[in-house]
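I opened my notebook to follow how the pieces of this chain pack together. My entries are below.

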Amino acid sequence: MTLIGLPYELIETMTWAEPAAREKIGLVNPLRQVPALIWSSGENMTERTAILIDLADRFPLAGLAPAVEDAARRNFLRWMLHVSSAIYPLHGIKPDVPRIGVPVSTALAVVETVHERIVFC
């Protein structure tokens, strides 16, 4: 938002650790995930990759992404989707290892394995 020159209000929260934060973000995003962007029109947008691509398309002069007609755009889109589908889910495991069905006693080993996997993504 700073690069585009749009005013914004940043609300930082830890939805995984604060029940009140989960409830607050739930009013904006039923999945209770951040980021969530609320446009001045009241329109709600979620999913970081969608938000970033939308901002790049709405504000092309900011140079956030190659233009649609630029051949480099395909690689930009590929990496934007790769990060959100392959890398971010791995980071989601770290604060709550038991949610993937492994014992708490293996948490350190799981986190180390996640870090190794991120390197190879």
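This is a predicted model: local features need pLDDT of at least 70, side-chain atom pairs count only at pLDDT 80 or more; totals for chains, interfaces and linings use all residues.

**Entry 1: a loop residue.** I looked up P95. P95 sits in the loop that joins helix 3 to helix 4. Is P95 buried or exposed? Its relative accessibility is 52%, so P95 counts as exposed; the cut-off for exposed is over 50%. I then checked P95 against V110. They are 15 residues apart in sequence, and their C-alpha atoms are 11 Å apart in space.

**Entry 2: helix 3 and helix 4.** Next I took the helices on either side of that loop. Helix 4 covers residues 107-120. The axes of helix 3 and helix 4 come within 10 Å and cross at roughly 165 degrees. Helix 3 is therefore roughly antiparallel to helix 4. The crossing is left-handed. Which residues make the contact? Helix 3 brings I87, L90, H91 and I93, and helix 4 brings V110, V114, R117 and I118. I sorted these residues into six nonpolar, one polar and one charged. I also followed L90 by itself. Leaving aside neighbours within four places in sequence, L90 touches V114, R117, I118 and C121.

**Entry 3: the cores.** The largest nonpolar core holds eight: I87, L90, I93, V97, V110, V111, V114 and I118. Helix 3 and helix 4 are the elements that each give two or more residues to this core. Helix 4 gives the largest share, four residues. Apart from this core lies another one of six residues, including I4, L37, M45 and L55. I wrote one general remark beside this: in soluble globular proteins, nonpolar side chains tend to be buried together.

**Entry 4: helix 2.** Helix 2 runs over residues 48-58, and its buried residues are T49, I51, I53, D54, L55 and A56. What do the buried residues of helix 2 pack against? I found strand 1 (36-38), strand 2 (44-46) and helix 3 (72-93).

**Entry 5: helix 2 and helix 3.** The axes of helix 2 and helix 3 come within 10 Å and cross at roughly 155 degrees. Helix 2 is therefore roughly antiparallel to helix 3. This crossing is right-handed. From helix 2, R48, T49, L52, I53 and D57 meet R73, F76, L77, M80, L81, S84 and Y88 of helix 3. I counted seven nonpolar, two polar and three charged residues in this contact.

Methods. Residues are numbered from 1 along each chain as its sequence is written. Side-chain values use heavy atoms; hydrogens and water are left out. Buried means under 20% relative accessible area, exposed over 50%, partly exposed in between (1.4 Å probe, protein chains only). Contact means heavy atoms within 4.5 Å. Axes are lines fitted to C-alpha atoms, for helices over the stretch in contact, and angles run from 0 to 180 degrees between N-to-C directions. Angles under 35 degrees count as roughly parallel, over 145 as roughly antiparallel, 65 to 115 as roughly perpendicular and the rest as oblique. A crossing is left-handed if the near helix is turned anticlockwise from the far one by less than a right angle, and right-handed if clockwise. Ala, Val, Leu, Ile, Met, Phe, Trp, Tyr, Cys and Pro count as nonpolar, Asp, Glu, Lys and Arg as charged, and the others, Gly among them, as polar. A nonpolar core is a set of buried Ala, Val, Leu, Ile, Met, Phe, Trp, Tyr and Cys residues joined through side-chain atoms within 4.5 Å.
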